Amino acid sequence: MKTKTLDDLFIDLLKDVYYAERKILKALPKMARGAKSADLSAAFEQHHEETQTHVERLQEVFDILGKPARGKTCQAIEGILDEGEEVLESFKGSPALDAGLVASAQAVEHYEISRYGTLRNWAEILGQREIAKILQDTLNEEEATDGKLTKLAEGSVNKAALNAA
């Protein structure tokens, strides 16, 4: 049996994130439609556009590595997105819906932040500076999206859920 290396682990995690980004790309329009707040809906729509760019960047990384851009089923993102779907269904029409959607979206962001941070670090260790920069660009955007969601939650969304009670 071949000994697995950090290169192998890097490719494996890259496939995981590629799968996750493509799943997120499909989930964001539904979240945007479900949001009651126009600001939250707009944030989901903007992140949908960014996520398309993230998918394209991952395809570029696969190209640089000479590997086909293929995903590997990511159970973690499946579970996180299932929870978001449950919020959409269980809290539809509820004043707490948007607060739940923000919480679900931040769970996705935190997952992505952890994965992109790890991948960027491994790319640096593996001497893949160009790939590390590409991954850092995406990491920066994921962190910015998380910050925007926090501002929405703290600025209006959570209060709206509370005040409607």
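Buried means under 20% relative accessible area, exposed over 50%, and partly exposed in between (1.4 Å probe, protein chains only). The model is predicted: local features need pLDDT of at least 70, side-chain atom pairs count only at pLDDT 80 or more, and totals for chains, interfaces and linings use all residues. Residues are numbered from 1 along each chain as its sequence is written, and side-chain values use heavy atoms, with hydrogens and water left out.

**Exercise 1.** Classify His48 as buried, partly exposed or exposed, and list its contacts beyond four places in sequence.

Step 1. His48 is found in helix H2; helices are DSSP runs (H or I, at least four residues), numbered from the N terminus.
Step 2. Its relative accessible area is 26%, so His48 is partly exposed.
Step 3. Contact means heavy atoms within 4.5 Å. Leaving aside neighbours within four places in sequence, His48 is in contact with Leu25, Leu28 and Pro29.
Step 4. The C-alpha atoms of His48 and Ala27 are separated by 8.9 Å, with the two residues 21 apart along the chain.

**Exercise 2.** Describe how H2 and H5 are oriented to each other.

Step 1. The axes (lines fitted to C-alpha atoms over the stretch in contact, with angles from 0 to 180 degrees between N-to-C directions) come within 10 Å and cross at roughly 165°.
Step 2. Angles over 145 degrees count as roughly antiparallel, under 35 as roughly parallel, 65 to 115 as roughly perpendicular and the rest as oblique. H2 and H5 are therefore roughly antiparallel.

Terms used
Helices (H or I, at least four residues) and strands (E, at least two) are DSSP runs, numbered from the N terminus.
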